[in-house]
Every structure is written in C-alpha cells, then in structure tokens.
Amino acid sequence: MQCKKYEMLPLIDKDLEETIPPLYPQDGNPTKIIYTRFYLHNWSWYVMEYSKLQRLCFGIVDGLEIEYGCFTIDELESIGASRDYEFKPIKIKDKNYERVA
C-alpha cells in the first residue's frame, strides 16, 4: 500500500528531471540504467530517459508483456498511476531485462 505522504507529490519532480538523462544517450549501450518506476495495478513503467519539453519517457513497459516503449507523464497522470518513491536506480542488461549486480 502506498503511503499518504506520496499521494500529492508529482510523478516527476525537479530532482528527478535533473537525474534522468534526455532521450537517446543509452541507445546502443548493452547495459542501461532505470531511474524510476511508475505503477498502476499490475502494470509498471520503468524510466530510462526523459524529455522535459514533451514530458515523454522512454523505458520498459511491463503490462501485457515486457517491452521497450515511450509513454508520457500526462498519460500516466490521466490513468492515476503512482510513482514508486522507494525505487533506487538499477542497471539492467539490454534485451533480457536482467538486473546487473
């Protein structure tokens, strides 16, 4: 269950905006970094890159299947997604989504 103190916080705040790299710098790297996670029910969106101007994220979408994709903060807000404020950045291996120790 999510704590009440997080309910009014934005999905992306200034600190997170400054932490997540812009679109494309991880493209082609065999190891990628996931910076944050949003969730709603059994769906999760993992953010690897972010465009502040477009409020567009690139990352992994874990819903009906697991795949790379783009999604917007506006979309996530409109469906009532929440941010996992306990999530710590992790490294993953390309394609198989395995966590790197």
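Me: What share of the contacts with a separation of 6 or more comes from residues 24 or more positions apart in the protein chain?
Reply: In this predicted model, residues 24 or more positions apart account for 52% of those contacts.

Me: Which elements make up the protein chain, and in what pattern do they follow one another?
Reply: There are 2 helices and 7 strands. Along the sequence the pattern reads α-β-β-β-β-β-α-β-β.

Me: How do I read the sheet? What is the strand order?
Reply: Strands pair if DSSP finds at least two bridges between them. Here 5 strands form an open sheet in the order β5-β4-β3-β2-β6, with antiparallel pairing. β5 (66–72) and β6 (82–83) are the edge strands, and each pairs on one side only.

Me: How many bridges join β3 to β4?
Reply: There are 7, and the two strands run antiparallel. Take two partners as examples. Ser44 has Asp62 in β4 as its bridge partner. Trp45 has Val61, also in β4. The two strands form a hairpin with 4 residues between them. In that turn, Arg55 has a positive phi of about 55°.

Me: And how many bridges does β2 share with β3?
Reply: Strand β2 (residues 36–40) pairs with β3 over 5 bridges, in the antiparallel sense. Thr36 has Val47 in β3 as its bridge partner. This hairpin has 2 residues between the strands. His41 takes a positive phi near 55° there.

Me: Is β3 enclosed or open to solvent? How many of its residues are buried?
Reply: Buried means under 20% relative accessible area. In β3, 8 of the 9 residues are buried, so the strand is largely enclosed by the rest of the structure. Across the 101 residues of the protein chain, 42% count as buried.

Me: Which residues have the most contacts inside the largest nonpolar core?
Reply: They are Ile12, Ile20, Phe38, Trp45, Phe71, Ile73 and Leu76, in a core of 15 residues. The elements that give two or more residues to this core are β3 (43–51), β4 (56–62) and α2 (73–79). β3 gives the most, with 3 residues. Apart from this core lies another, of 7 residues, among them Ile34, Tyr46, Met48 and Phe87.

Me: What is Trp45 in contact with, leaving aside its neighbours within four places in sequence?
Reply: The list includes Thr36, Phe38 and Leu40. Ile60, Val61, Phe71, Leu76 and Ile79 are also among the contacts of Trp45.

Me: How is a pair of aromatic rings described?
Reply: By the distance of the centres and the angle of the planes. This structure holds 3 aromatic pairs. One of them, Tyr46 with Phe87, is tilted: 6.1 Å centre to centre, 55° between the planes. Tyr46 sits in strand β3, and Phe87 in the loop between β6 and β7 (90–93). The pair links distant parts of the chain, 41 residues apart. Both Tyr46 and Phe87 are buried.

Me: Is the pair of Phe58 and Tyr68 stacked or tilted?
Reply: Planes under 30 degrees apart count as stacked. Phe58 and Tyr68 are at 10°, with 5.8 Å centre to centre, and form a stacked pair. Phe58 lies in strand β4 and Tyr68 in strand β5, so the pair ties together parts that are 10 residues apart in sequence.

Technical notes: Residues are numbered from 1 along each chain as its sequence is written. This is a predicted model: local features need pLDDT of at least 70, side-chain atom pairs count only at pLDDT 80 or more; totals for chains, interfaces and linings use all residues. Side-chain values use heavy atoms; hydrogens and water are left out. A nonpolar core is a set of buried Ala, Val, Leu, Ile, Met, Phe, Trp, Tyr and Cys residues joined through side-chain atoms within 4.5 Å. Buried means under 20% relative accessible area, exposed over 50%, partly exposed in between (1.4 Å probe, protein chains only). Contact means heavy atoms within 4.5 Å. Rings of Phe, Tyr and Trp (its six-membered ring) pair if their centres lie within 6.5 Å; planes under 30 degrees apart count as stacked, over 60 as edge-to-face and the rest as tilted.
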